[in-house]
Amino acid sequence: MELAHRPAWRWLVVPLAAVMTAAFSFAAPASAQSTLRQAAADDFLIGVAVSNSWLNNSTFANLAATHFSSVTAENEMKWETTEPSQNSFNFSPGDQIVNFARQNNQHVYGHTLVWHSQAPGWVQGLNGTAMDAAMQNHITRLMQHWSDDIQRWDVVNEAVSDNNGQLRNSFLLNAMGPQFIENALTYARAANPSATLCLNDYSIDGINTKSNAYFTMVQDFIQRGVPIDCMGFQAHLILGQVPGNMLQNLQRFASLGLEIWVTELDIRIPRPVSQQNLQQQANDYQQVVQICQQANCDGLTIWGLHDAQSWVDSTFPEFDSPLLWDDNFQPKPAFNAVLNQLGGGGGGPGPTPPAPPTNLTANAGSNSVSLSWNGSSGATQYQVHRALGASGGSFSQIGTTSGTSFTDNNVSPNTTYRYRVTASNANGTSDPSNTVTVTTSGSGGPTTPPPGGADCAVTYVANDWGGHPGFTADITIRNTGNTTINGWTLTFSYTAGQTIEPPGWNGTVSQSGSTVTAVNASWNGTIPPNGTANVGFNGTAASVGNNPPPTSFSLNGTSCTVS
Ligand code: XIL
């Protein structure tokens with residue numbers, strides 16, 4: 001049985017200019033490279049999602065051509081565009097992108113053959129047999145039309161549900177049943193036997209219910225001989241939330257013999273964006289590129305070139321600024337971080353990040369935890385990461401320092417935390433230090449509520465996903481007191497067996513039994529009098545419609561009014 005389909009000649013079809021670029025990047029020190037594709041190792045493609053409307057802008061086109069060795073069509077190869085009515089194909093938007101790639105010696109990553117979204121109405125109305133035939137025709141026509149140029153396709157996009165490890169409830173699943181995925185892969189192999197076939201999804205970057213579902217699925221496919229060659233991790237990330245186990249996750253898929261791609265990387269920042277946020281974003285980007293290199297990714301694609309192009313503004317209005325260049329095509333700190341990391345990760349001798357800090361120790365009081373560690377040679381900064389509880393929960397960065405100690409003042413009494421520290425310099429970030437687990441002491445007597453009672457008001461809104469027990473919760477915390485809140489931990493309990501999906505966004509959310517704890521992110525811990533902070537997460541109710549809101553909330557041990 002063939003584990004993964006890897007035609008030996010695939011990499012021989014490399015244009016001369018790309019070979020010269022590769023040779024140049026090998027010969028010159030990485031730091032001397034000024035474009036991403038020059039800096040990258042020759043077996044690591046660095047990609048960007050482009051759209052025809054932006055390719056008409058010459059600044060955009062120049063940057064896309066000079067910095068990237070692979071392009072993905074942001075929308076132009078999706079079903080609604082390529083086959084707007086049945087068996088009537090419109091290849092010209094996709095052809096324009098392919099022509100751009102040809103002119104610039106770039107690979108094209110095909111995106112996407114089968115997806116529940118951006119699919120035309122006509123296909124959604126077909127019965128199972130007719131839909132399966134239409135799907136085969138669609139896959140075959142697209143793969144054959146672009147067989148000279150596209151050697152890698154997202155065959156099925158976003159097939160798994162967000163929270164329960166089941167297949168996503170979609171018109172595809174409803175009409176064709178779960179076998180639509182393997183049918184699509186089988187049709188794709190037949191349409192172009194030399195193409196690399198990928199499954200692609202978001203929120204599978206770390207180890208979680210959703211990525212476990214894919215892991216089980218592809219193991220089963222491999223065992224049964226269903227064609228699958230590659231796994232695409234979209235990596236639409238939120239600032240400060242690179243999953244702590246992303247490397248392990250990518251490696252477990254790689255260990256099945258699959259090619260690994262980070263396919264749609266962007267890192268969105270909650271508004272308003274500060275300079276500090278942009279530095280953190282650079283750090284996050286650098287980490288993802290490094291993880292991808294360490295997992296032997298075949299490539300990494302960023303979901304757009306500059307912030308003005310990004311889908312984030314319209315899709316996640318509370319967030320901004322997710323890409324490497326700003327609205328005016330100026331490179332952001334994240335650009336330099338990616339450039340350095342690509343150059344430093346080439347495998348040969350070259351700049352390397354510091355070694356991990358060692359001997360991390362922690363001392364806890366009731367309202368603070370002091371950390372210290374042995375420094376790493378060449379480090380210019382240390383990043384402190386914290387997770388809630390003795391196990392589970394994910395790490396998020398809570399602070400940085402240039403020294404070798406740090407005090408975390410944003411802790412609650414009687415609470416267990418895990419800490420670890422990474423070291424960085426211009427070449428990248430180290431692996432994490434040892435992890436320490438520590439429990440803060442009791443607060444030493446009853447706390448006196450401030451005069452007038454609670455100094456916080458909490459608004460909890462849960463939007464149910466119709467017909468499904470899933471929901472998205474958004475919590476607003478208002479400081480109704482006269483003093484600034486510096487760091488917050490919000491706790492509340494569910495009464496109807498709801499479960500939440502950590503770590504959430506705008507903070508870190510975890511659950512123990514029915515109790516949920518939300519801790520501020522590094523950028524929203526300070527709430528001035530009358531100011532607010534938000535935290536959000538997805539959850540699942542025990543059954544559809546049975547989702548009563550929590551009735552009491554407590555912030556840093558003081559109960560809040562519910563508004
Ligand atoms: C997005 C595009 O960026 C937007 O322009 C479009 O309106 C919606 O789709 N996952 C995917 C991509 O696989 O195709 C999506 O692209 C982003 C999420």
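For this tour, Ala, Val, Leu, Ile, Met, Phe, Trp, Tyr, Cys and Pro count as nonpolar, Asp, Glu, Lys and Arg as charged, and the others, Gly among them, as polar. The model is predicted, so to speak of local features takes pLDDT of at least 70, and side-chain atom pairs count only at pLDDT 80 or more, while totals for chains, interfaces and linings use all residues. Residues are numbered from 1 along each chain as its sequence is written, and side-chain values use heavy atoms, with hydrogens and water left out.

Select the ligand and its shell. By the counting above, that shell holds three nonpolar, six polar and four charged residues. Of the 13 residues around the ligand (a heavy atom within 4 Å), Glu74, Lys78, His111, Asn157 and Glu264 come nearest.

Now pick out polar contacts (pairs of N or O atoms within 3.5 Å). An N or O atom in the Lys78 side chain sits 2.7 Å from a ligand oxygen, and a polar side-chain atom of His111 is also 2.7 Å from an oxygen of the ligand. Click Glu158 next: a polar side-chain atom there is 3.0 Å from a ligand nitrogen. On its own the ligand exposes 410 Å², and the protein buries 79% of that (Shrake-Rupley areas, 1.4 Å probe).

Next, the cysteines. How many disulfides (cysteine sulfur atoms within 2.5 Å) does a search of the whole structure find? There are three. Zoom in on Cys198 and Cys230, whose sulfur atoms are 2.1 Å apart. The torsion about their S-S bond is about 90°, so this disulfide is right-handed.

How values were computed: Polar contact = N/O pair within 3.5 Å; in protein donor to acceptor, adjacent residues only side chain to side chain. Disulfide = S-S within 2.5 Å.
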